Amino acid sequence: MAKVKDSLRIIEQALNTFRAEEMFLSFNGGKDCTVLLDLIHNSNLKDAKRIKCIYVRPRKPFDEIEEFVELCRDHYGITISTIDGGIKAALELICKQDQQIKACIMGSRRSDPYCERLASFQQTDPGWPELMRINPLLEWTCEDIWSYIRDNNVPYCSLYDRGYTSIGDQSNTIPNPHLKVEMANGDVTYLPAFNLRDADKYERAGRL
């Protein structure tokens, strides 16, 4: 897959620019950063496995996300640190606790809000902690993400099998209405996330 090669090239460029100890993967248990975690830990890139992984826990996390973070710790045999709070406050705390941090690897894609003009390497905006944002998945589509996950048997959060397509926390996330199925007996169920059509357009329809 050409996009996998491109993403690995960006990660390699990051490792040539920063020491592994100067970077971290921003992880929230979602599908995009899960792909990044898998790419990093199954690559042959020198020092890639030494990149820190930090779980930025939202205020009201789903139990399923918490369980999935534990699963990832075991599956990849890694340490995943946890920081609570919103992303900006979390980044501030991360930089305060580890002053050698210079860059953050993120699972942003072009179809995400405010990411239309994002570059693969882009400094944080004024008022944010001073970090280089590294975006290896920028040109991936939602379909690309699910193809990689399913083709490579990558573990993912069970919420995606119950109709969730973009997961925040319990206060702002519901199953995607475009995956809703009404049964003959009146019951309602939801198709798995990878069944969503026009996913880049409707992926966030379940976010409140």
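**Close-up views of a predicted model**

**View 1. Phe194 and its ring partner Trp146 in the predicted model.** Trp146, by contrast, counts as buried at 5% relative accessibility. The ring centres of Trp146 and Phe194 lie 5.8 Å apart with the planes at 70°, so the pair is edge-to-face. Since Trp146 belongs to helix α5 and Phe194 to the loop between β8 (188-190) and α6 (199-202), the pair ties together parts 48 residues apart in sequence.

**View 2. The aromatic cluster around Trp146 and Tyr160.** The count of aromatic pairs comes to 7. In one of them, Trp146 and Tyr160 have ring centres 5.3 Å apart and planes at 80°, so this pair is also edge-to-face. Trp146 sits in helix α5 (residues 142-151), whereas Tyr160 sits in the loop between α5 and β7 (180-182), 14 residues away. Tyr160 counts as buried, with 2% relative accessibility. Ring pairs join Trp146, Tyr156, Tyr160 and Phe194 into a cluster.

**View 3. Helix α3 and its packing.** The 14 residues of helix α3 (residues 63-76) should span 20 Å at 1.5 Å a residue, which agrees with the 20 Å between its end C-alpha atoms. Its buried residues, among them Ile65, Phe68 and Val69, pack against β1 (23-27), α2 (31-41), β2 (52-57) and β3 (80-84). Just after α3, Gly77 adopts a positive phi of about 65°.

**View 4. The largest pocket.** This pocket holds about 1,300 Å³ of space and is lined by 41 residues, with Asn28, Ile87, Met106, Ser108 and Arg207 nearest its centre. The elements β1, α2, β2 and α4 (87-97) each give two or more residues to the lining, which comprises 16 nonpolar, 13 polar and 12 charged residues.

Note on methods:
Residues numbered from 1 in each chain as written. Predicted model: local features only at pLDDT ≥ 70, side-chain atom pairs only at ≥ 80, totals over all residues. Heavy atoms only, no water. Helix = DSSP H or I, 4+ residues; strand = E, 2+ residues; numbered from the N terminus. Expected span 1.5 Å × (residues − 1). Buried < 20%, exposed > 50% of the residue type's maximum accessible area, 1.4 Å probe, protein only. Contact = heavy atoms within 4.5 Å. 1 Å grid on protein atoms, 1.4 Å probe; cavity = no way out; pocket = protein on both sides within 12 Å on 5 of 7 lines; lining within 4 Å. Points joined across faces, edges and corners; volume = space filled by probe spheres on them. Nonpolar A, V, L, I, M, F, W, Y, C, P; charged D, E, K, R; others polar. Phe/Tyr/Trp six-rings, centres within 6.5 Å; stacked < 30°, edge-to-face > 60°.
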